[in-house]
Each structure stands twice: as C-alpha cells, then as structure tokens.
Amino acid sequence: MKRLHIQCLAFNTADFVFDAISLFEKQKGNYPIVSKVLYNPKYPLSEEPKHSARLMEIAENFGFEYVEIKNLGVSENWNQALKNKFLSDGDVLVGIDPDERPQQVGWLDSLMEVFNNEPSAYYVGLNQKGNPSNYTEMKFGNTSALKYSQLIAWPVGGFDCGWLEKIGGASQDHPVYGYIEHSISRKASALGGNFYILKDFFDIHQESPDDLLGKWKRECAAIKTNLTFEGWLNARR
C-alpha cells in the first residue's frame with residue numbers, strides 16, 4: 001500500500017488557503033495520511049508578517065507542519081516538497097491547491113485506489129465539467145477512472161513519487177507557471193506512464209480574489225510573460 005503525503009503550496013490569500021484546507025479535512029476519507037505540510041512561498045499580495053502568522057495558525061489548527069520556502073515556480077515548489085520529506089518510490093504526494101474546490105467526499109480514497117492498483121499511473125486527478133470525451137473508462141477496485149487519448153488540464157490530484165524520480169522530478173514548459181502537464185506527461189509517457197482522471201469526483205476552480213494574480217496567470221498561459229509574479233508586479237509599477 002502506497003504512503004500518502006499531503007502538501008498545500010499556499011501561494012494565495014490566507015482566506016483561500018483556509019477554505020481549501022478546511023474543505024479537504026471534511027472530504028479526505030479514510031486512507032491513512034503519513035504527513036501534511038503547508039508550504040509558505042511568501043505570497044506578494046499580502047501583509048507580512050500578518051499573512052505568515054495566519055498561515056501558521058491555519059497549519060496548527062488542521063494538524064499541518066508549517067514550512068517557509070522560496071517561491072521557485074510551480075514545479076520547483078513541488079520538488080521542494082519532495083525533497084523536504086525525502087519522498088520516493090512507494091510515496092504519493094497530493095497537492096491541495098488554494099483555488100480548487102473538490103465537490104464530493106472520499107475522493108482521496110478513490111485516488112489512492114487507482115495508484116495502488118495501476119503501476120503505470122504517474123498522476124491521478126479529479127474530473128472537471130467540459131472535459132473531452134475521448135477517453136477509455138477503466139475500473140480499479142471500486143473506482144472508475146478515465147484514461148485519455150490526449151493531454152488535458154489537471155485539477156486537484158497527486159503524483160506517484162517513484163514516477164517523478166524516474167523522470168528527474170517535476171518540471172514544466174513555462175519558466176514559472178503553466179504547462180506542467182505537458183512537460184511531465186511527455187517524459188512519463190515515453191516510459192509507459194499514464195495519467196488518470198477520476199470519473200465520479202469533480203473539482204471546481206475558484207478565481208482568486210486578487211485580480212492581478214488571475215491576470216498574471218492568464219498572461220503566463222498565453223506565453224505573454226515569463227516573469228515571476230513578483231517580477232511581473234514590479235514591472236507594472
């Protein structure tokens with residue numbers, strides 16, 4: 001049975017982080033969790049040190065370890081989480097994104113059922129309304145999962161750490177934000193890996209209350225900027 005680890009990269013408002021972790025605690029199910037860590041990459045649209053103090057309080061209230069890190073971009077922040085807990089083969093790392101909201105209880109149990117029954121699974125994530133229909137439905141124990149014939153966006157989900165180790169860690173095609181799916185799937189699929197989407201568990205993305213963060217993300221997605229969020233904010237001044 002694979003070991004389950006949880007991390008939250010708290011790059012958002014403290015309220016959004018609280019909502020995401022609070023919801024996770026209500027929905028997580030019964031699978032044993034080895035570690036839970038809240039990483040503080042120092043969100044620039046915040047009042048320090050008040051913001052960090054609030055994140056520390058959230059971590060303590062929900063039984064998360066609190067760790068401050070330098071923000072190195074999405075994939076490198078995942079790699080920091082991997083290294084912090086020395087995660088490798090036999091470990092699964094699930095990310096609780098501040099701006100994602102799973103809709104059903106027990107999604108974590110089903111996610112782990114796929115990982116424990118399918119050695120080719122390097123990523124397992126939740127479903128989203130509007131996803132393409134070109135998939136093969138597969139059964140892993142009591143869980144139905146979708147295997148897509150094309151790459152789609154990955155919402156809340158987790159990585160098999162053994163697979164990440166095989167491909168040299170998490171990576172992304174954009175320097176700081178975006179296209180993590182493209183880079184990781186390209187490397188993992190070349191070695192026979194597959195990603196799976198849970199058929200019956202859905203996620204709804206929430207727009208950040210900070211319009212500037214949303215605009216920066218959209219510019220990254222459109223390859224209009226390669227700047228970090230901090231650099232992008234400074235360039236606007």
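I started with the open space, and the largest pocket holds about 1100 Å³. Of the 43 residues lining this pocket, Val-74, Asp-97, Glu-100, Tyr-177 and Lys-217 are the closest to its centre. This is a predicted model, where local features need pLDDT of at least 70 and side-chain atom pairs count only at pLDDT 80 or more, while totals for chains, interfaces and linings use all residues. Residues are numbered from 1 along each chain as its sequence is written, and side-chain values use heavy atoms, with hydrogens and water left out.

My notes on terms: on a 1 Å grid over the protein atoms alone, a pocket is an open set of points with protein on both sides within 12 Å along at least five of seven lines, a cavity is a set where a 1.4 Å probe fits but cannot get out, and lining residues have an atom within 4 Å of a point. Grid points are joined across faces, edges and corners, and a volume is the space filled by probe spheres set on the points.

Which element gives the largest share of the pocket lining? I found helix 7, with five residues. Helix 3, strand 9, helix 6 and helix 7 (211-221) each supply at least two. Helices (H or I, at least four residues) and strands (E, at least two) are DSSP runs numbered from the N terminus. By class I get 22 nonpolar, 14 polar and seven charged residues in the pocket lining. Nonpolar here covers Ala, Val, Leu, Ile, Met, Phe, Trp, Tyr, Cys and Pro, charged covers Asp, Glu, Lys and Arg, and the others, Gly among them, are polar.

The largest cavity has a volume of about 60 Å³. Helix 1 gives the most to its lining, with four residues. The lining of the largest cavity splits into seven nonpolar, one polar and two charged residues.

The second largest cavity has about 40 Å³ of space. Its lining includes His-5, Tyr-39, Ala-81 and Lys-85, and strand 1 and strand 2 each supply at least two residues.

Last, I checked helix 3 (residues 74-84), whose buried residues are Ser-75, Asn-77, Trp-78, Asn-79, Ala-81 and Leu-82. Buried means under 20% relative accessible area, exposed over 50%, and partly exposed in between (1.4 Å probe, protein chains only). Among the elements covering these buried residues are strand 1 (3-9), strand 4 (91-95) and helix 6 (180-189). Just after helix 3, Phe-86 takes a positive phi of about 55°.

Note on methods: Contact means heavy atoms within 4.5 Å.
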